[in-house]
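Keep the sequence and the 3D view open as you read.

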Amino acid sequence: MSTTPLSPKPRARIGVYVCHCGSNIAGVVDVKEVARWAGRELADEGVVIARDYQFMCSNLGQELIEADIKEQGLTRVVVAACSPHLHEATFRNACQRAGLNPYLCEMVSIREQVSWVHTDREQATAKAKALIAGGVERVAWHEPLEPVIVPINPTTLVVGGGIAGIQAALEIADSGYPVILVEREPSIGGHMAQFDKTFPTLDCAACILTPKMVAVGSHPLITLLTYSEVERVDGYVGSFQVTIRKKARYVNTETCTGCGLCIEKCPVRVVDEVFEAGLGYRKAIYRPFPQAVPKYPVIDTEHCTYFQRGKCKACQIFCPTQPKSIQFEQQDERIQVEVGNIILATGYDLFDCRRIPQYGYGRLANVYTSLEFERLCNAAGPTGGEVVLRDGVTKPKTVGIIHCVGSRDRNYNNYCSVICCMQSLKFAHLVKERTGAEVYNFYIDMRTPFKDYDEFYQKVLAEGVHFVRGRVAEVTDAARHPGEEGKIIIQVEDTLIGRQRRIPVDMVILSAALEPRRDAQEVAHKFGIACSTNGWFIEKHPKLDPVATMTEGIFIAGCAQGPKDIPATVAQGAAAAARVIGRIHQTRLALEPIRASVIAERCSGCRICNNLCPFHAISFREDLGVTEINPALCQGCGTCVAACPAGAITGTQFSNEQVFAQIEGLLMLDFSGKPVRRLEPLAAAAEPAFP
Amino acid sequence: MAVSHAARAAPTDFLAEVLAATPGGDPRLDRCIQCGTCGGSCPSAADMDHTPRQLFALIFAGMRDEVLRSNTFWYCVSCYFCTVRCPQEVHITDIMYALKRLAIREGLYRESGAAEAPAFAETYIDYVENYGRSFELGLATRHHLRHHPLGAIKKVAFGMELWRKGRIDLTPKRIKNMAQLSAILNKAKELEAADGRGGGA
Amino acid sequence: MKYGYYPGCSLERNAIAYHESAMAVAPLLGIEFTELEDWNCCGATEYISLHALPAYALVGRNLALAAQQQLNRMVAPCSACFINLAKTDKYMADDPRLARLVNEALAAGGLHYKPGSVRVRHLFQVIVEDVGFEAVAARVVKPLYNLRVAPYYGCLIVRPTLQPPFDDPEYPTSLDRLLRVLGAKVVDFPVKTHCCGGHMTQISEATALELIRRLLKNAVDYQADMIVTLCPMCQLNLDGYQEEVNKHFGTDYRLPVLYFTQLMGLAFGLPPGVLGFGREFVDPTPALAKIGAEPPAPDKKERPSKEALPMPAMPRQDGGEP
Amino acid sequence: MGESDRFEPLIIGFTCNWCSYRAADLAGVSRMKYPPNVRLIRLMCSGRLDPVFVLKALAGGADGVLITGCHPGECHYLEQNYKALRRYHLLRMLLTQLGVEPERVKLVWASAAEGGRFAEEVGRMVEDVRRLGRLNWPAVAADGTEPGDGQTPNAGHVHEAEPVVAAEAHQEEVTP
């Protein structure tokens, strides 16, 4: 808070422009009266001209303002029209064209905040006047500002090597700019690499993904860091310093040829919980899948006999290269890189189906998750693409597919996971194709938007798949009748006939929800962005800026931002890349000059503000005994301004003077529009200080 | 007693009435997405003329008489499976209790084919209101003598067996401060009647 | 550990075996009970079906008496009593209007209840949470080796979920764990939280008998020697109506249904006489005769065939790492 | 009391630029209606809210202050709305000490998608403050007595547009 003595109110020549917006504003607010009033009653506040106009944002409207600035010598402009989020840039540009610093323009929203939400003409007109008085008082305190200019490092960091990250990396690298792609797992490919077919075209996932993975691996402008994680991010848009931990592979990638002999000779077999979703095995030295990029294996030290018991070394012994490529002494490495922009494409985790015990996953052998089923029907999977029961041999005769497992359920995730309906239709088709089994789909609502999706539903219907509208209540092996013995029974209300049904099946597939990564919150914090209540990364604007974030220079793509299918993921990867390329092309970036700064002579060095900034913009200069704010890191929230007990921090565009003046102006008129006070020179400092 | 306005109930009116009759915080019935988890989970769904989900759809449609004549809530065993499984966290079991009360108030339960349930509850309540405790032998015999004179013989045999095993008293016990309990219950009934919210407390 | 004790109507007579066995094992676990003076019926599921406010006021009287008698930690052994007491407390806290009306009614009897001032838990919950499995294990002198038991929770101890949740509302495991601590072999029992029929035995007997049959069938399918319960209503329905089920469906079930406290007493070496035995409809003697002096050989793990796919990892039910 | 001469409080609303201001925009775009008693000030973040702003508004003639921000966990500056929350609690304590009903200041979270919620909260706040009656700040600051406790509002206050009689009648109406 501030107890700073304020300087006397600046003298200004202010122009007020009241927009009709056709009848949008004029239909409720008496705009002519408002303009007349402002010109007459606010003359003492510096208003030299007040006009109303049909469409202020039109070229003619803008020219009106420009002419007044030049001819009347205006030094401040107030536009009473729509929300500043719509047209602030328009009127700032008009001011700039007329030679007025664009930040000396203030917008007052009398459409979204008055005419569209109020109905009483008199009351609305009174409120519009008060809002304009607030704007007039405030604008007097505006200062001319220059945008903050930062240079852009042309290298981009992409975090996550799934299809979103792959797409983004390739787009940027193909445009001729360097990319560093960091992936946590030993290979890129992400979830898509685990899939068998993709809906609705039934393209083989590997066939369309592998070429892109190879392109990433061999691109001269892409530095691929797999089995690596970002540890720390410093800096700001244009020049981030990123610390990456490259985990020890225990394999020398310089000499390894990727022949795979070490894997063949390794005696330890481990259930592969990641790539095979727990349905298959791998060795202690492994490569997640044959087409992995890069091709080099890694040693899983938790299961490796040598690391656990000090003996074995079979992999090293059989390694055909000279020198041997297996290096047990390898250590984790820390790498520092400098980048200008960052794209986060960290993907999703699958809902843990054990959280819904009544669906039997983990207890009933033949209940599978969607990811397990992807591996089950994948030709390169543990069964070679055979759709079989957990015994590995029996083909199911009846299969139930349950939608919305962990989605659209306030007990777990209160959102639709978007892909499950189409995925379940795909499963139904694959089961039919591979086994000829009877297939039942259990759904709440069938959601098949987007190109060719509903056509796919039609096709699956025509294949004789059964559809039961009802959310499954339970999946059980507790048979009630001889007909149910030895089966898994799906109990559900068939809501279209209004009866409870028990349908015995051999296999159940749970279309599990997509969830934010378990460490999404931690990652968001590391990169200075935020997560929604559901845990997904928040975009700058849900419609108009879906891949940018509130932190300049950090972009998001793919499922990290919310559940989506492959086409949408790829589109976002490309979109994020386009945004980054645009930035790089600019070479320099102009940032909104809403920044806090420390008036060094007033700073007492109390450091109260030092821990308030989540962007690390505030630091303490031990040598000078004062606090400093890095304008490039500062995002302009103003929390430190509000906290400084000495009033030593000031914020451009949102200074105490500006806010105080606006409060005074807003309270100039009472509810009915009658003046309750004459405005006097500000003396806010007389108010009690907040303890 | 509120006047029945069954036939004229606008769809939202009846929903509002049911919501108001369900105490214990927001019952969330208006959030139902008709997924059928309740009807799928219900152990006695087979005996119900409407599944709970259908009953909710009827409530949304304002079909007051049809709802209150239904036997659905009389077959509710209070197992709370629907309540804990409901993806919208609707207080389904509590709503079933509220519908029982509304049906009794309107006298519509007699047409539900489940007329015994309120009668059993009444017999039970008689003991509680007169003695402060329930009385199993009296409960079973009195209820069955009144409603199934033939079946009662079987019940008496069952009661005798319970008695032989020391699991039943022959006379009901009365709590000491019955006057206090009666005063409380009478006051509560008075408040409920004055409230006119269909027992929504 | 001192607790207020709300026996409820059932434990006075029908479930006297439960009451006697609870009283017999409590001192061994360091539990001391003070019975709530002049308690009244909880209303079961009946009162609330006819009147809402009087039903809450009926329970409210018990809570108010408990607060008055400074029994702020109450134990109810009956699941229905437990849920009625705990739910009234919670609803009064969640719904200020209800709290005001209940207190207006209570005032007619010179009483008042402030929601949240009495914490009511089920007897089993107290044993799990406050006594703990280790303390129970320390008391076991005659482990129930070879006895195959189906752990039956019923509905109301796990549902509806009142704060704080005590165990999973669908697939709880705490009773399984307790019985394993007693040395018994716990069978998989997928219907462990399914309904016993409740008051349907009085209203629509055919409905109730079918629900009971499902439980008995499932226990027999998993080769249980007996069902273990923690609720008087469940015990009465499964035990007392078993003969009726057999007649109705032409089955021949002979499955004893005992209270968990009775098995605890046996494992603690107490004589059956003090544990309320002898009041069952289905004689448990043959099943209890199976209890052996030696621990059974551990189950042979079937070697999965070469082709078999791995099963998902599940957390271990004894609370240890998988 | 007729609809036309009922007490119309003035409320200053502070919004953050990213969520609650956009919620207000959305309420407008969706043509939702709320009473015109609230006049908004846009800050970048609720963390910018200096408690002195609130005192300034109350001292300057506002009868209540509505503070709005992004939901916890959704702050566009990551966590600054938590700081606003902390200050809000302190501020209410301070107001109590000053003899001002703390209910005159309210903190509401509204996301950019919650235009409806924003409109509802404004409506609720206006009704709440209407019930509390006019804030008599100079008297409060001078002698620390509680307003709205039955005493006649200071007729000499700057808001003299409304007759004292009406204000008294209003107070009777709300006395429980």
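At what angle do the axes of helix α11 (residues 205-221) of chain C and helix α13 (residues 242-249) of chain C cross? They cross at roughly 100 degrees and come within 9 Å. That makes α11(C) roughly perpendicular to α13(C), because angles of 65 to 115 degrees count as roughly perpendicular, under 35 as roughly parallel, over 145 as roughly antiparallel and the rest as oblique. Axes are lines fitted to C-alpha atoms, for helices over the stretch in contact, and angles run from 0 to 180 degrees between N-to-C directions. Helices (H or I, at least four residues) and strands (E, at least two) are DSSP runs, numbered from the N terminus.

This is a predicted model, in which local features need pLDDT of at least 70, side-chain atom pairs count only at pLDDT 80 or more, and totals for chains, interfaces and linings use all residues. Residues are numbered from 1 along each chain as its sequence is written, chains are lettered from A and ligands numbered from 1 in the order in which they are written, and side-chain values use heavy atoms, with hydrogens and water left out.

**The helix pair**

From α11(C), the residues Glu205(C), Leu209(C), Glu210(C), Ile212(C), Arg213(C) and Leu216(C) take part. They meet Gln242(C), Glu244(C), Val245(C), His248(C) and Phe249(C) of α13(C). Contact means heavy atoms within 4.5 Å. The contact residues divide into 5 nonpolar, 2 polar and 4 charged. Here Ala, Val, Leu, Ile, Met, Phe, Trp, Tyr, Cys and Pro count as nonpolar, Asp, Glu, Lys and Arg as charged, and the others, Gly among them, as polar.

Chain C has an open sheet of 4 strands in the order β2-β1-β3-β4, with parallel pairing. Two strands pair if DSSP finds at least two bridges between them. The edge strands are β2 (32-35) and β4 (119-122) of chain C, and each pairs on one side only. Neighbouring strands of this sheet are turned by 40 degrees against each other on average, direction ignored. Strand β1 (residues 2-5) of chain C pairs with β2(C) in the parallel sense over 4 bridges. There, Tyr5(C) stands opposite Glu35(C). Helix α5 (residues 79-94) of chain C lies across β3 (73-76) and β4 of chain C. This helix runs at about 160 degrees to β4(C).

Chain D also holds an open sheet: 4 strands, order β2-β1-β3-β4, parallel pairing. Its edge strands are β2 (38-43) and β4 (105-109) of chain D. Neighbouring strands of this sheet are turned by 20 degrees against each other on average, direction ignored. Strand β1 (residues 11-16) of chain D and strand β3 (residues 64-69) of chain D pair over 4 bridges in the parallel sense. Within that pairing, Phe14(D) has Ile67(D) as its bridge partner. Helix α18 (residues 656-666) of chain A packs on the sheet, touching β1 and β2 of chain D.

**Between chains**

Which chains share the most contacts? Of the 4 pairs of chains in contact, it is chains B and C. Their contact takes 66 residues from chain B and 71 residues from chain C. They bury about 6,100 Å² between them, 60% of it on carbon and sulfur atoms. Buried area is the accessible area (1.4 Å probe) that two parts lose on being put together, summed over both. Arg133(B), Arg167(B) and Ile184(B) supply 11% of the area that chain B buries against chain C, more than any other three residues.

Between chain A and chain C, about 2,100 Å² is buried, and carbon and sulfur atoms give 56% of that. Arg363(A), Arg390(A) and Arg480(A) supply 28% of the area that chain A buries against chain C, more than any other three residues.

No contact joins chain B and chain D, whose closest C-alpha atoms lie 17 Å apart. Chain C and chain D have no contact either, with their closest C-alpha atoms 16 Å apart.

**Salt bridges**

A salt bridge is a side-chain nitrogen of Lys or Arg within 4 Å of a carboxyl oxygen of Asp or Glu. The interface of chain B and chain C has 6 salt bridges, and that of chain A and chain C has 2. The table gives three examples.

| Salt bridge | N to O distance |
|---|---|
| Arg85(B) and Glu170(C) | 2.5 Å |
| Asp188(C) and Arg363(A) | 2.5 Å |
| Asp349(A) and Arg518(A) | 3.8 Å |

Asp349(A) lies in strand β19 (residues 348-350) of chain A and Arg518(A) in the loop between β28 (514-516) and α15 (520-527) of chain A, so the pair ties together parts that are 169 residues apart in sequence.
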